[in-house]
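Good morning, everyone. Please look at the screen.

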Amino acid sequence: MFNTNEIREFQQLETPFYYYDLGLLKKTLDIYTANLKKYSYHAHYALKANANDRILSIVKSYGLGADCVSGNEVKLALESGFDPSMVVYAGVGKSDKEIRAALAGNIFSFNCESVPELEIIDSIASSMGKVASVSLRINPDIDAHTHKYISTGRSQDKFGISTWMFQDVIETINKCKNLQLVGLHFHVGSQITDMKVFEMLAKRVNEIQSWFFEKGIDIQNINLGGGLGIDYENPESNPISDFNTYFSIFNKGLEVRPGQNIHFEPGRTIVAQCGTLISRVLYVKFGRGKKFAILDAGMNDLIRPALYQAKHKIENLTSTGRIMKYDVVGPVCESSDRFSKGTLLPETKRGDIMAIRSAGAYGQVMAMKYNQRDLAPEYYSE
Ligand SMILES: Cc1ncc(COP(=O)(O)O)c(C=O)c1O
């Protein structure tokens, strides 16, 4: 929890702002990288979760590579000093300009999501006199049992190449002289808390890579993506996800061939719990049978509740009054600008400081200026 000095500091600052506990970030990375070392696995941090420069520089110092989903993320990863040989680049719609820049940057792998994309990368690589390292992002048709907007591995989702396309893919790779197949990539969704999903993924990966081996195709790298969930309800008592169980599932379930490298792409589990959105109460008003606590932070600062019906723990840091129920809402001119419904909080009044927890992933990075609002600044514990 925040100490009295931190709360005093929060009271002196203009709100809203993001606050990052860098000690927790480092503790999380300590445990994550100890697991990588134990199993000789590799990891590429998903910049989409949070691309702020302090966070990137800490993540990089732990030896992680970068997982990018746009040309500008690739550019940022390279400018931030990530080793190009540890940069991977996924995305269903890579533009020619983005492909050209990533080829020029000599990244480790384009994680390709369709046959036409393979053909375009080949032709651009040929025009540049280069050979592109590509992995096939596979759609394994697995339901991640998470919100529909963050499920990416079902056959109806737009991501990846379905198994029935494999023959076409192989023929394409064989005819494209400027492509080198370096691996298979999987990412079935995000905020996955049912560990059985990862057991199922390991099983599907075994089946899928067998298909390639039977065709005489050597797969040097298997990338299992990210997706492990965090505890949004109990950030205090459970601030670090169960990496030990997560990695032991793959260690047990995955058939690793000699010389093969295993990769992961964590995002949320690394940065979510270290970030908090700090806000002030502007007004408390009565609605029919309810009270609204109206904050100066809105959906433009943190869109997850509006976009994914996500529930973040909300705390009043400056009241010790008796417990009451509030709908906590923002000032944006949209009814979906609501952080929570019927939340129990100590009696809340104008000027109270509110903490919206677990906001370090998919928080500030998704912020926008809708309603011409200012972007919230970011502060750090160090
Ligand atoms: C391709 C890819 N890899 C990795 C991630 C990171 O996922 P997470 O933040 O759930 O760990 C994402 C996010 O959805 C992604 O799209």
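**Pockets, ligand, cavities**

The largest pocket holds about 740 Å³ of space. This is a predicted model, where local features need pLDDT of at least 70 and side-chain atom pairs count only at pLDDT 80 or more, while totals for chains, interfaces and linings use all residues. Residues are numbered from 1 along each chain as its sequence is written, and side-chain values use heavy atoms, with hydrogens and water left out.

Now the terms. Rolling a probe the size of a water molecule over the atoms shows where empty space is left. We use a 1 Å grid over the protein atoms alone. A cavity is a set of points where a 1.4 Å probe fits but cannot get out. A pocket is an open set with protein on both sides within 12 Å along at least five of seven lines. Lining residues have an atom within 4 Å of a point. Grid points are joined across faces, edges and corners, and a volume is the space filled by probe spheres set on the points.

Back to the largest pocket. Its lining has 28 residues, and Q309, A310, K311, H312 and F339 lie nearest its centre.

Where does the ligand sit? It takes up the space of the second largest pocket; to sit there, more than half of its atoms must lie within 2 Å of the pocket's grid points. Of the 13 residues around the ligand, S190, G227, E265, R268 and Y362 come nearest. "Around" here means a heavy atom within 4 Å.

Next, polar contacts, pairs of N or O atoms within 3.5 Å. Y362 places a polar side-chain atom 2.6 Å from a ligand oxygen. For H187, the distance to a ligand oxygen is 3.1 Å. D67 has a polar side-chain atom 3.0 Å from a ligand nitrogen. The protein covers 95% of the 390 Å² of accessible area that the ligand has on its own, by the Shrake-Rupley method with a 1.4 Å probe.

The largest cavity has about 60 Å³ of space. Among the residues lining it are Y32, G227, F243 and R268.

The second largest cavity has a volume of about 50 Å³. V88, F108, S109, N111, S135, L184, N221, N223 and H263 line it.

Look back at two names. G227 and R268 are among the residues nearest the ligand, and both also line the largest cavity. Thank you.

How values were computed. Polar contact = N/O pair within 3.5 Å; in protein donor to acceptor, adjacent residues only side chain to side chain.
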